[in-house]
Amino acid sequence: MRRYFTSIILCLLFSGALNAQTQLTDYQPGVTPEGAIYFLPKTAFRITMQIEKTTYKPGDFAAYAQRFMRLKDIAQEPSTQYRIINYQVIPVAIPDTTKKYAIRFNAKTVAANVALSDDGRLLAINAEPTAIKEPKSFQSYPKKQRTNPRQLLTQEILSAGSTAKMAQLTAQEIYDLRENRNLLIKGQADFMPQDGDQLRLMLHQIDTQDEALTSLFKGTNDCDTTEHSLTVCPDGSFDRQLLFRLSQVDGLVDTDDLSGAPYYISVEDLRSIPKTIEDNGAKAKKKAFEAGVYVNVPGRMRITLYQGIDAVFNTELPAAQFGNVELLSGDLFNKHYTTHLWLNPTTGAVERLEAEQPK
C-alpha cells in the first residue's frame, strides 16, 4: 500500500547528490530527481445514499377488503416505489497535480524515510503513516420471513365455492383469532396458559396468524435497501449542479431522464484561510531554492444537497484546495534532530510533528 524510500537505498541510487540539506523543487517532467517525488492531496468527497425499494403485492382477497374487513383504500394492482432513507458524505483524497514536488536526500540529512500512498501522496517522514479509517461496508437487513397465509386456510375455506365466500370465511377466521386474543389477555379463555412464558407464546402465535391472514386482504410490502455512491471533486465554489435523478418507479435514472426528480449539489468555499498574495513567477523561483517540505493548510467547504428547491442535507468538511501551501523549514531535518512528521492523509495538513535530539 505504501512505498518507503530508505536513506541507504537512496544513497546508493543518488550517490551524486551534493546538497548539504534537504531540498525541495518543483518537479519537471522528464527530469529524474535525486530523491522522492510526492504530491499534496486535493479533497474530494463521496456522497453515499441508501435507497429503499418497496414492492407492493396485492392480496388474493384485496377486492373484498372493504366489504369484509372494513379496510379502505387498498390498492388492487402491484407497485414499486423508491425513496432515499439516508445520506452520508465521506471525504476522500486524490493527488493534486498542481502541487507536485521532489525531495533530495544526502548523508547529512535525516529526512531518511518517506512514506507515500500508492498514488504518490506524501503521508509521513520518519514515521508510520496515519491509518485511514475505512467506513463500514453496507449490509442490508435480512428480509422478514413471512408465514404463508394459504397454509392457515381451513378445509372449509378451501372448499368454498367462490372467491367471495373464501374471503368471507377468512375474515371470520381473523375475527375469531382476535376474540381469542382478547379473552387470553382478560384471563377469560377456556384454556388459560400456566405461566407468563406460555401466555406470550400463545399471543405471538395468534398475532402471527392474524398478520398472515390479514395480508390476503391488505397485501404485502417487501423492502430492499441498496447503497449507491457518487464522488465529487470541486476545484472551486459552485451552485446547484445536477448530481443525479431519482424516479419513484424506476430508482436512479440518467441525468437526462426527466421521469426522475432532480437532485442538485452546491459547494461553498467558506474562506476560512486567508489567501496569500504573491507573484506566481517569484513564488515559483522562491520554491526552487528554499529547502524544506511543503504541506497543506486546508480551508473549509460547505456541501449542500437539494431535492428540487429544498435542501435535504448539508455538512462542512476541511478542503485542501480551499487553503494554502506552507513550507516546513529544512532545518527540521538536519542532523541535530530526528524529526517525525505525520500528515493528514485526506487534507495533507500537519497532523503531528515531533523532533528528537540525538543522545
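Colleague: What lies over the face of Tyr 306?

Modeller: Arg 240 does, at 3.8 Å from the ring centre. The distance cut-off for a charge over a ring is 6 Å. Keep in mind that this is a predicted model. Arg 352 lies over the face of Trp 342, again at 3.8 Å from the ring centre.

Colleague: Why is Glu 52 called buried?

Modeller: Its relative accessible area is 13%. Buried means under 20%, so the label applies to Glu 52. The residue sits in strand β3, residues 35–57.

Colleague: Which residues does Glu 52 touch, leaving out those up to four places away in sequence?

Modeller: Gln 81, Tyr 82, Arg 83, Ile 85, Cys 223, Asp 224 and Thr 225.

Colleague: How many aromatic pairs does the structure hold?

Modeller: Six. One of them is formed by Tyr 87 and Phe 313.

Colleague: What makes the pair of Tyr 87 and Phe 313 tilted?

Modeller: The centres are 6.0 Å apart, with 35° between the planes. Pairing needs centres within 6.5 Å; under 30 degrees would be stacked, over 60 edge-to-face. The 35° falls in the rest, so the pair is tilted.

Colleague: Why does this pair tie together parts that are apart in sequence?

Modeller: Tyr 87 is in strand β4 (residues 79–104) and Phe 313 in strand β12 (residues 310–329), so the parts joined are 226 residues apart in sequence.

Colleague: Are Tyr 87 and Phe 313 buried or partly exposed?

Modeller: Tyr 87 has 17% relative accessibility, so it counts as buried. Phe 313 has 23%, so it is partly exposed. The cut-off between the two labels is 20%.

Methods: Residues are numbered from 1 along each chain as its sequence is written. This is a predicted model: local features need pLDDT of at least 70, side-chain atom pairs count only at pLDDT 80 or more; totals for chains, interfaces and linings use all residues. Side-chain values use heavy atoms; hydrogens and water are left out. Helices (H or I, at least four residues) and strands (E, at least two) are DSSP runs, numbered from the N terminus. Buried means under 20% relative accessible area, exposed over 50%, partly exposed in between (1.4 Å probe, protein chains only). Contact means heavy atoms within 4.5 Å. A charge sits over a ring if NZ of Lys or CZ of Arg is within 6 Å of the ring centre and within 35 degrees of the ring normal.
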